[in-house]
Amino acid sequence: MISSAKILYVNLTEKTHKVETLSSEIYRKYPGGSALGMYLLFQEQGDRAGIDPLSPANPLIFSVSPLTGIPISGQSRMCVTTKSPLTGTAGDSQVGGFIPAHIKGNGYDSIVVTGKSETPVYLFIDKDTVEIKDASALWGKVTGDAEKMIGEDLGTDKFEASIIGPGGENQVLYAAIMHQRSRANGRNGVGAVMGSKNLKALVVKKQPPQKPFDPIGMKTLTLNVKERIAANEAVVDLALNGSAGCLSPAAEEGFLATNNWNTGFFANAKKIDGTTITTTILKERDTCFGCAIRCKGVVSIPGKADPEYGGPEYETLATFGSYCGNDDLADICEANQLCNMYGIDTISCGAVIAWAIECYEKGILTKEDTDGLDLRFGNSSVFAPLIKKIAYKEKGIGALLALGSERAAAQIGNGAEDLTVTCKGQEWPAHMVQFKPNLAVNYAVNNFGADHQSSEHDPALMAPDDDQNWIWPNQLAEFKKCDAYGILDDNKAKFAFETQKCYSMMDSLCLCQFAFGPAWQLYGPEDIVAFCKYGVGWDASIEELQEIGERRINMMRLYNIREGFTRKDDKLPKKAFIVLPEGPNKGVGITPAEAEKAITTYYRLAGWDQETSCPNAETVERLGLGWISMS
Amino acid sequence: MDIHVIVNNKNTALPEGTLLSDLLKKNSYEGRVSVWIDDVQLLAADYPNRVLFDGEKIRIIRLVGGG
């Protein structure tokens, strides 16, 4: 069974902390990560809607799960929950690495940070010892330097840290929280919230791993991991080429977002693909706590990319690559490093720059606006100066782009709004909705803006009957086969909803979606049930787990409704409806009418009001969310 | 003697006795794909042994994920 949860509350204004226990009955309904974070966000905020995300009133919540730290691939993830300054919605961002396992090792399921320190501080935790330490000397430092200085301050390297850089300190609206300099709570601007609290870092002492409830049972999942990996082509590619292994195949099909989403055809994709990285600049493959996949690429380019800052993932290669019409791999790696040093989300940053380039090429921005930078597709020499200007919100183009593309477009007008590729203010990740139309529904309805890791992708519905990609999703619900690109229908809406529940559950149990998932991953839905049983003695079922995911989605939706969001905010940008103009799949696209119909179907399946998008009374009661004050 | 098939809307000549797996390899379909022959989807287990016949319409879709 799930034990009770131990919650650490830290008030930075008062410089105090306390520990409280959440009962096992409640924890089972909100079992960690994003679900627990949302539960605690509501508890902290009470019925106060409309708080400024960058004010002391906004809590910053770090959560792991009952499964975190039990040695198996893909369990070391941590969710940050807060009100997002980028989207204005419930904010949510996930990270992997080692700090999740060690937060759990220190005995905590969640750390709730409230208030604001008068001066820069960092939080140090060694089990029951909780210290708010002076970080004045760390303020202004890039993430790698700050991490070294923390080690010197503590006199040990036996710690893990999540740190903000200048981007967070300066409250760039898409600032990240960085862990080990290369792993990011990247999305939703959670780093800006941390900066607004004058909190430079969360630091935990390393602790021994968690022991599973049933070690013999756990071995049925872990002992054969090498064979599992070898039998799974997608995971083999992940281990060999990282997340970027699929970049070239997407481009070859004409589905790699290019030139700010004006096309999906990027002729030189091979130059920036994961396989190219593997054979040229890869120094080593890194991993997260207990994970056998080792997908994390570490690159080295003297003078451009220091291995200390990892290497670019698929999303970064696309946003600073094809989005910007750029095939210079070294400049992408440098941009990745700068974002990691300054603590900025690489997806939003690359996408914002791509948007600015199109504005410049269309004459909406001029050289006067860009501080003399020649923003053109393919001119990657602008990345380094531009990223620095953004991180420090330098007057002019830096401060403008630090707002994110949606706010920046609203500020400059003149047609710039039509060039944004955002939902709820958050820039789109690099998966085209023409290729994966279920993501059109997901991008639109997802409560914290467009996210590629909030539902399974469409190719699973095309897989053969004897392929796990088809078998596993159908363990969640019954789907119809799809046999062509560009299909957006009720089946896709159902796929979006049912797999979103699964991903939502995984974001709550803090499971990596490259290791666990409902389609191509290493472990499937029944394996998650087994992990719950062997890991902590929790006799769960796929149905209970799906309901946990649905409950978390509805909590977020209720939060957003309270903040004034309605169906009109579940909308797609104009670029979603571009019919692919070139490439092998020229002519593929989706229409606004198809998207609207699919969103209507999603609402019906979710039990939401078609006009307001609010969960109806029956949905709220079924999920046990009547305690949430909507006044 | 060659057979003539249609692969993703393109007329293609292949040696008689060509296996589907040979066609996939020849066209560089590495990794996961779905295949329909005359609008019937094949099992993945059938790819290595399925012989292609003259006049068949073959549709191949690459299953590209992403992360």
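Visitor: Is L138(A) buried or exposed?
Guide: This is a predicted model. L138(A) sits in the loop between strand 8 (129-134) and helix 4 (143-154) of chain A. Its relative accessible area is 6%. Buried means under 20%, so L138(A) is buried.

Visitor: Which residues is L138(A) in contact with, leaving aside its neighbours within four places in sequence?
Guide: Contact here means heavy atoms within 4.5 Å. L138(A) lies in a loop. Leaving aside neighbours within four places in sequence, its contacts are Y122(A), A146(A), M149(A), I150(A), E169(A) and K200(A).

Visitor: How many Å apart in space are L138(A) and F377(A)?
Guide: In sequence, 239 residues separate L138(A) and F377(A). In space, C-alpha to C-alpha, the distance is 37 Å.

Visitor: At what angle do the axes of helix 2 and helix 22 of chain A cross?
Guide: Helix 2 covers residues 33-45 and helix 22 covers residues 542-562. Their axes come within 9 Å. The crossing is left-handed. The angle is roughly 35°.

Visitor: Which residues of helix 22 of chain A meet helix 2 of chain A?
Guide: Helix 2 brings S34(A), A35(A), M38(A), Y39(A), L41(A), F42(A) and Q45(A). By class, the contact has 9 nonpolar, 2 polar and 2 charged residues. On the helix 22 side stand R552(A), M555(A), M556(A), L558(A), Y559(A) and R562(A).

Visitor: What is the radius of gyration of chain A?
Guide: Chain A holds 24 helices and 16 strands. For its 631 residues the globule rule gives 25 Å, and the chain's value is close to that, so chain A is as compact as a globular protein of that length. Its C-alpha trace spans about 55 × 55 × 55 Å along the principal axes. The radius of gyration is 22 Å.

Visitor: What percentage of the residues in chain A is buried?
Guide: Chain A exposes about 20200 Å², with carbon and sulfur atoms supplying 51% of it. Among contacts with a separation of 6 or more, 68% join residues 24 or more positions apart. Of the 631 residues, the buried part is 66%.

Visitor: In what order do the elements of chain B run?
Guide: Chain B has 1 helix and 5 strands. Read from the N terminus on, the order is β-β-α-β-β-β.

Visitor: What is the radius of gyration of chain B?
Guide: The C-alpha atoms fill a box of roughly 45 × 25 × 20 Å along the principal axes. The globule rule gives 11 Å for 67 residues; chain B comes close, so it is as compact as a globular protein of that length. Its radius of gyration is 12 Å.

Methods: Residues are numbered from 1 along each chain as its sequence is written. Chains are lettered from A and ligands numbered from 1 in the order in which they are written. This is a predicted model: local features need pLDDT of at least 70, side-chain atom pairs count only at pLDDT 80 or more; totals for chains, interfaces and linings use all residues. Side-chain values use heavy atoms; hydrogens and water are left out. Axes are lines fitted to C-alpha atoms, for helices over the stretch in contact, and angles run from 0 to 180 degrees between N-to-C directions. Helices (H or I, at least four residues) and strands (E, at least two) are DSSP runs, numbered from the N terminus. A crossing is left-handed if the near helix is turned anticlockwise from the far one by less than a right angle, and right-handed if clockwise. Ala, Val, Leu, Ile, Met, Phe, Trp, Tyr, Cys and Pro count as nonpolar, Asp, Glu, Lys and Arg as charged, and the others, Gly among them, as polar. The radius of gyration is taken over C-alpha atoms; the globule rule is 2.2 Å times the number of residues to the power 0.38. Buried means under 20% relative accessible area, exposed over 50%, partly exposed in between (1.4 Å probe, protein chains only). Accessible areas come from the Shrake-Rupley method with a 1.4 Å probe; for residues, only the protein chains shown count as cover.
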